[in-house]
Amino acid sequence: KYSPTIPLSALRFLIAFAVTHSCTITTLDVAGAYLFAKLEPDDEIYLRVPPRMHDVVDFLDEDGKPAEFIKLTRYLYGLQRAGAAFYRHFRDWLLSIGFTQCKSEPCLFVHVDGHERILVGCYVDDDVIVSNSSRLSAWYRQEFAKAFMESPDSTGDAEDHDFLGLHIHHDRSKRVATLGAPRLIDKLVAVVGVPTAPVLTPVIPAHVERLELAPSDANPVVPESEFSCRAVLGLVLWIVLACRPD
């Protein structure tokens, strides 16, 4: 029903493996991923034809009249099973070209050829690839291009990568990798409304007014539409657990 995703522990393992074995790190994003997965035979999903769509494409019923509904043959973004369907499609493709699925981690795949190896971790349509072989890396990119479309969001095999909102910097020559989340932190700052001017931490009384914190007895109830506490906590936890597991 839902797609499995690579956990942060497995992502950190891939990064650590790349550093330890002097591998390259590549990130790829599949463009229009869900459209690659065909609908299951027992799934019948119909879509009301959007307004003015008939001006672009002729959808006709059995009587040759403009159809009001059409039957989907591929999954669309927003459908509950779309992510799981694409995962199965991507998994089957990896197995077909010679990868082996990790038994304990369903989103981790490995292909070994002698002393050369390539590992792939997938988070729905976002993939991180680690390899100690330029030949296998080139082979994988070629096979990927035959089966999928690469999104412009892919960062390839550069030193800096954006993956799931995280910034991965990999200096292969120094065998060092760092994890950060500057984009997510900027988003968090914008949501919470923290001033950009530097402040002391922990906050001392002299800075309470500067931070515009209301006294406890005058703390108003803020609607969730204006400030979602769950969204903020989720963002904080993701940043902390991804970048600072200790």
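Student: In what order do the five strands of the open sheet stand?
Tutor: This is a predicted model. In it, the order is E1-E7-E6-E5-E4, and the pairing is antiparallel.

Student: What makes E1 and E4 edge strands?
Tutor: Count the partners. E1 (24–29) and E4 each have a single partner strand, so one side of each is left without a neighbour in the sheet.

Student: Why do E4 and E5 count as a pair?
Tutor: A pair needs at least two bridges. E4 (residues 100–101) and E5 (residues 108–113) have two bridges, in the antiparallel sense. Two meets the cut-off, so they pair. In this pairing, Thr100 stands opposite Val110 in E5. The two strands also form a hairpin, with six residues between them.

Student: How many bridges join E5 to E6?
Tutor: Six bridges join E5 to E6 (residues 116–123), and these strands run antiparallel. Look for Phe109, which stands opposite Val120 in E6. The hairpin of E5 and E6 has two residues between the strands. In that hairpin, Gly114 takes a positive phi near 70°.

Student: Which strand pairs with E6 over six bridges, in the antiparallel sense?
Tutor: That is E7 (residues 126–131). Leu119 stands opposite Val130 in E7.

Student: Which helix lies across this sheet, running at about 45° to E6?
Tutor: H3 does, and it lies across E1, E5, E6 and E7.

Student: Why do H4 and H5 get another label, and what is it?
Tutor: H4 (residues 182–192) and H5 (residues 229–243) pack at about 155°, with their axes 11 Å apart. The cut-off for roughly antiparallel is over 145. About 155° passes it, and H4 and H5 are therefore roughly antiparallel. H4 passes H5 in a left-handed crossing.

Student: Which residues meet between H4 and H5?
Tutor: From H4 come Leu184, Ile185, Lys187, Leu188, Val191 and Val192. They meet Val232, Leu235, Val236, Trp238 and Ile239 in H5. The classes of this contact are ten nonpolar, no polar and one charged. Lys counts as charged, so Lys187 is the charged one.

Student: What makes E8 and E10 edge strands?
Tutor: They belong to an open sheet of three strands, E8-E9-E10, with antiparallel pairing. E8 (160–163) and E10 (176–180) each pair on one side only. Neighbouring strands of this sheet are turned by 20° against each other on average, direction ignored.

Student: How many bridges join E9 to E10?
Tutor: Five bridges join E9 (residues 166–171) to E10, and the strands run antiparallel. Here His169 stands opposite Thr178 in E10.

Student: Which residues does UniProt list for "signal peptide"?
Tutor: The unreviewed UniProt entry lists residues 1–22. In this model, the end C-alpha atoms of that span lie 38 Å apart. The span is 59% helix and 0% strand.

Conventions: Residues numbered from 1 in each chain as written. Predicted model: local features only at pLDDT ≥ 70, side-chain atom pairs only at ≥ 80, totals over all residues. Heavy atoms only, no water. UniProt positions renumbered as here; feature names shortened; annotations may be inferred. Helix = DSSP H or I, 4+ residues; strand = E, 2+ residues; numbered from the N terminus. Axes fitted to C-alpha atoms, helices over the stretch in contact; angles between N-to-C directions. Parallel < 35°, antiparallel > 145°, perpendicular 65-115°, else oblique. Left-handed = near helix turned anticlockwise from the far one by under 90°. Contact = heavy atoms within 4.5 Å.
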